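Reader: Could we go through the side-chain contacts of this structure together? I would like to begin with the charged pairs.

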Amino acid sequence: MPIDLYISTDIEADGPIPGPYSMLSLGMAVAATFDGNVFARVEPATFYRELQPISPDFVPAALAVSGLDRAALARTGAAPARAMAENVAWIEEMAGRHRARPVFVGYPLGFDWMFTYWYQVRFTGGSPFGHSAHLDIKTLYAQKAHVPIRGVGKRSMPEHLKPTGKHTHHALDDALEQAELFCNIAEWTGV
């Protein structure tokens, strides 16, 4: 049976959708493997890049969340094509190292997946996650806690599931925080 390699991912962007708006930073952290029987946490290997904006458009409130400086990123950020090629190579290296298939993990999934997948396809021609190898931590929790998805928030989760790290809106910090949250929930037997 194939092994899954769960990669926690977080992005910071300057708007609600990719294309008209830009992904400004991307953080990933290897969290765990699962072979269908054994779920195993792994020492987190990480990936982080800050990217040049791809559009002049941005939503000031969205940009303020990350605290990133668009003008500075235009000068010092990685070109998206290079950053995404490095990202895809890193994911493939991690998958090879663990002899596993990569699975994108996010909280909530939609926003981070949308930007990451769009950037991977746009700048590299494809995604090592394919179009469907992704897992939403929020949905995993809702299923195990037997609560409606609209009732799920990190603040409403039991303390023993919450990560020790803080949510800082720095993509790598948040990917690491989400990796811990994901593992805690995955190992939890639920209610």
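Author: A salt bridge here is a side-chain nitrogen of Lys or Arg within 4 Å of a carboxyl oxygen of Asp or Glu. Please keep in mind that this is a predicted model.

Reader: How many salt bridges does that rule give?

Author: The count comes to eight salt bridges.

Reader: What is the N to O distance for Asp-14 and Arg-70?

Author: The side chains of Asp-14 and Arg-70 meet at 2.2 Å, N to O. This pair links distant parts of the chain, 56 residues apart: Asp-14 is in the loop between β1 (4-13) and β2 (23-34), and Arg-70 is in helix α2 (residues 70-76).

Reader: Are Asp-14 and Arg-70 buried or exposed?

Author: Both Asp-14 and Arg-70 are buried.

Reader: Which residue does Arg-49 bridge to?

Author: Arg-49 forms a salt bridge with Glu-86, and their closest N and O atoms are 2.7 Å apart. Since Arg-49 lies in strand β4 and Glu-86 in helix α3, the pair ties together parts that are 37 residues apart in sequence. Arg-49 is partly exposed, with a relative accessible area of 27%, and Glu-86 is partly exposed at 28%.

Reader: Which residues are in the network of salt bridges with Arg-49?

Author: Arg-49, Arg-82 and Glu-86 are linked in that network.

Reader: And what of Lys-154 and Glu-177?

Author: Their side chains meet in a salt bridge of 3.5 Å, N to O. Lys-154 sits in the loop between α5 (137-145) and α6 (171-187), while Glu-177 belongs to helix α6, 23 residues apart from Lys-154. Lys-154 counts as partly exposed at 23% relative accessibility, whereas Glu-177 is buried at 6%.

Reader: Turning to the rings, how many aromatic pairs does the search find?

Author: A search of the whole structure finds 13 aromatic pairs. One of them joins Phe-47 and Trp-90, whose ring centres are 5.7 Å apart. Their planes lie at 40°, so the pair is tilted.

Reader: Why is an angle of 40° called tilted?

Author: Planes under 30 degrees apart count as stacked and those over 60 as edge-to-face, so 40° falls among the rest, which are tilted.

Reader: Where do Phe-47 and Trp-90 lie?

Author: Phe-47 lies in strand β4 (residues 46-50) and Trp-90 in helix α3 (residues 80-98), so the pair ties together parts that are 43 residues apart in sequence. Both Phe-47 and Trp-90 are buried.

Reader: How are the rings of Phe-104 and Trp-113 arranged?

Author: Their centres are 5.1 Å apart and their planes are at 80°, so this pair is edge-to-face. Phe-104 is buried, with a relative accessible area of 0%, and Trp-113 counts as buried at 12%. Ring pairs link Phe-104 and Trp-113 with Tyr-117 and Phe-129 into a cluster.

Reader: Which residues of α4 are buried?

Author: Leu-109, Asp-112, Trp-113, Phe-115, Thr-116, Tyr-119 and Gln-120 are buried in α4. These buried residues pack against β1, β2, α3, β5 (101-106) and β6 (134-136).

Reader: What span should helix α4 have at 1.5 Å a residue?

Author: The 16 residues of helix α4 (residues 109-124) should span 22 Å, and the end C-alpha atoms are 21 Å apart, which agrees.

Reader: What comes just after α4?

Author: Gly-125 follows, with a positive phi of about 90°.

Reader: Lastly, which ring does Arg-122 lie over?

Author: Arg-122 lies over the face of Phe-123, at 5.1 Å from the ring centre.

Key. Residues numbered from 1 in each chain as written. Predicted model: local features only at pLDDT ≥ 70, side-chain atom pairs only at ≥ 80, totals over all residues. Heavy atoms only, no water. Phe/Tyr/Trp six-rings, centres within 6.5 Å; stacked < 30°, edge-to-face > 60°. Helix = DSSP H or I, 4+ residues; strand = E, 2+ residues; numbered from the N terminus. Buried < 20%, exposed > 50% of the residue type's maximum accessible area, 1.4 Å probe, protein only. Lys NZ or Arg CZ within 6 Å of the ring centre and 35° of its normal. Expected span 1.5 Å × (residues − 1). Contact = heavy atoms within 4.5 Å.
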